[in-house]
Amino acid sequence: MVQDLGKKIIAQAVEEKAQDIYMIPRAEAYELYMRIGDERRFIDVFGHDRMASLISHFKFVAGMNVGEKRRSQLGSCDYEYADGESISLRLSSVGDYRSYESLVIRLLFKGRHDLHFWFNGMETILKEIRGRGLYLFSGPVGSGKTSLMYQLVKEKFSSKQVISIEDPVEIKEDHILQLQLNESIGMTYDSLIKLSLRHRPDVLMIGEIRDSQTARAVIRASLTGATVFSTIHAKSISGVYARLLELGVSRDELDNSLRGIAYQRLIGGGGLIDFAGKDYENHSPEQWNQALDQLYAAGHLSEEDCQTEKIND
């Protein structure tokens, strides 16, 4: 049965500690891949009909529209892959020009946010987070931004009132009031930020700054006296500052709210962090590039990866 195949694939992904599963349509068949660490590993090949049934199965469990195969869709669920064993999944589907659907599944491991950091990166950031205001965490998809925020909260704010706003909730924590977006009933980032401030949080975690409206809402929240953590996609610390200006945030607003920017990558089994608490626009990547050279010299990444991850002035 297709349910058995689904459980088998998820169980294998859990055993391999995969971050993502890819179901990719080709001309003659579907290819299945898993993202394991830095590797996109080929797993198997399946016929179109069998994989289409499997994708429909996952979409149904995740509350997605099974009949819609052209438009992109998002979904999430807790998936039971063995007796008494389940894992949270986040799904994204889209149809290609041949009307074949592709599906990407992100595995959200509970308690997997205790990362190892190179060069005492966690201790450095813990010392830098000293006051209220906005702290931003940047890096590509899968670089551990959300995990870093949760680990910081656990280390530094375990006795405080903490609220998170995410799409969806990726790491489940009982001691945090976790809110999830649902735009169909008006639960947007902006509305949930306004709502959360009425609960007077000590720390407010906002999943991602995606647009101008969210950027402005995050800035407003950071000016209320709370410590605000949020993520944003950029390729460097200076790139984060430039991105905020592009989204319509003024330099005066940033001067009054922004307290720190962290840029992170998962490299060689650990997190590498660059941090700045001032002069973001002119931040030098020299220390970041030197750290990459040290990891290369120690055999933790290849020369090609070292050069790829370096930031140019």
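Me: How far apart are the centres of domain 1 and domain 2?
Reply: In this predicted model, the centres of domain 1 and domain 2, taken over C-alpha atoms, are separated by 29 Å. The domain assignment of the protein places domain 1 at 2-108 and domain 2 at 121-309.

Me: And how many residues of each domain are in contact?
Reply: On the side of domain 1 there are 7 residues, in contact with 10 residues of domain 2.

Me: What area do the two domains bury between them?
Reply: Domain 1 and domain 2 bury about 630 Å² between them, and 39% of that area is on carbon and sulfur atoms. Within domain 1, the residues that lose the most area to domain 2 are Arg 90, Arg 106 and Leu 108; together they make up 56% of what that side buries.

Me: How many salt bridges does the rule find across that interface?
Reply: The rule finds 1 salt bridge across the interface of domain 1 and domain 2.

Me: Back to Leu 108. Where does it lie, and is it buried or exposed?
Reply: Leu 108 belongs to strand β6, residues 101-108. Its relative accessible area is 9%, so Leu 108 is buried.

Me: Which residues is Leu 108 in contact with, leaving aside its neighbours in sequence?
Reply: Leaving aside neighbours within four places in sequence, Leu 108 is in contact with Ile 87, Ser 88, Arg 90, Val 169 and Glu 170. As for Val 14, which is 94 residues apart from Leu 108 along the chain, the two C-alpha atoms are separated by 9.8 Å.

Me: Changing topic: how many salt bridges does the count come to?
Reply: By this rule, the count comes to 20 salt bridges. Among them is the pair of Lys 172 and Asp 78, whose side chains meet at 2.7 Å, N to O.

Me: What about Arg 41, which residue does it form a salt bridge with?
Reply: Arg 41 forms a salt bridge with Glu 16, and the closest N and O atoms are 3.5 Å apart. This pair links distant parts of the chain, 25 residues apart: Arg 41 is in strand β3 (residues 39-46), and Glu 16 is in the loop between α1 (2-15) and β1 (20-25).

Me: How do Arg 41 and Glu 16 count in accessibility?
Reply: Arg 41 has 29% relative accessibility and therefore counts as partly exposed. Glu 16 is also partly exposed, with a relative accessible area of 33%.

Me: Now the rings. How many aromatic pairs does the structure hold?
Reply: The structure holds 7 aromatic pairs. One of them is Phe 58 and Tyr 79, with ring centres 5.3 Å apart and planes at 40°, so this pair is tilted. Phe 58 lies in helix α2 (residues 48-61) and Tyr 79 in strand β4 (residues 73-82), so the pair ties together parts that are 21 residues apart in sequence.

Me: How accessible are Phe 58 and Tyr 79?
Reply: Phe 58 has 0% relative accessibility and counts as buried. Tyr 79 counts as buried at 4%.

Me: What is the arrangement of Tyr 263 and Trp 288?
Reply: That pair is edge-to-face, because the planes are at 65°, with the ring centres 5.1 Å apart. Tyr 263 lies in strand β12 (residues 258-267) and Trp 288 in helix α9 (residues 286-297), so parts 25 residues apart in sequence are tied together by the pair. Both Tyr 263 and Trp 288 are buried.

Me: Which residues form an aromatic cluster?
Reply: One aromatic cluster is formed by Tyr 135, Phe 137, Phe 157 and Phe 229.

Me: Last one: which rings does the charged end of Arg 40 sit over?
Reply: The charged end of Arg 40 sits over the ring of Tyr 22, 5.4 Å from its centre. It also sits over the ring of Tyr 33, at 4.0 Å from the centre of that ring.

Technical notes. Residues numbered from 1 in each chain as written. Predicted model: local features only at pLDDT ≥ 70, side-chain atom pairs only at ≥ 80, totals over all residues. Heavy atoms only, no water. Phe/Tyr/Trp six-rings, centres within 6.5 Å; stacked < 30°, edge-to-face > 60°. Helix = DSSP H or I, 4+ residues; strand = E, 2+ residues; numbered from the N terminus. Buried < 20%, exposed > 50% of the residue type's maximum accessible area, 1.4 Å probe, protein only. Lys NZ or Arg CZ within 6 Å of the ring centre and 35° of its normal. Domains from an automatic or database assignment. Contact = heavy atoms within 4.5 Å. Buried area = accessible area lost by both parts, 1.4 Å probe. Salt bridge = Lys/Arg side-chain N within 4 Å of Asp/Glu carboxyl O.
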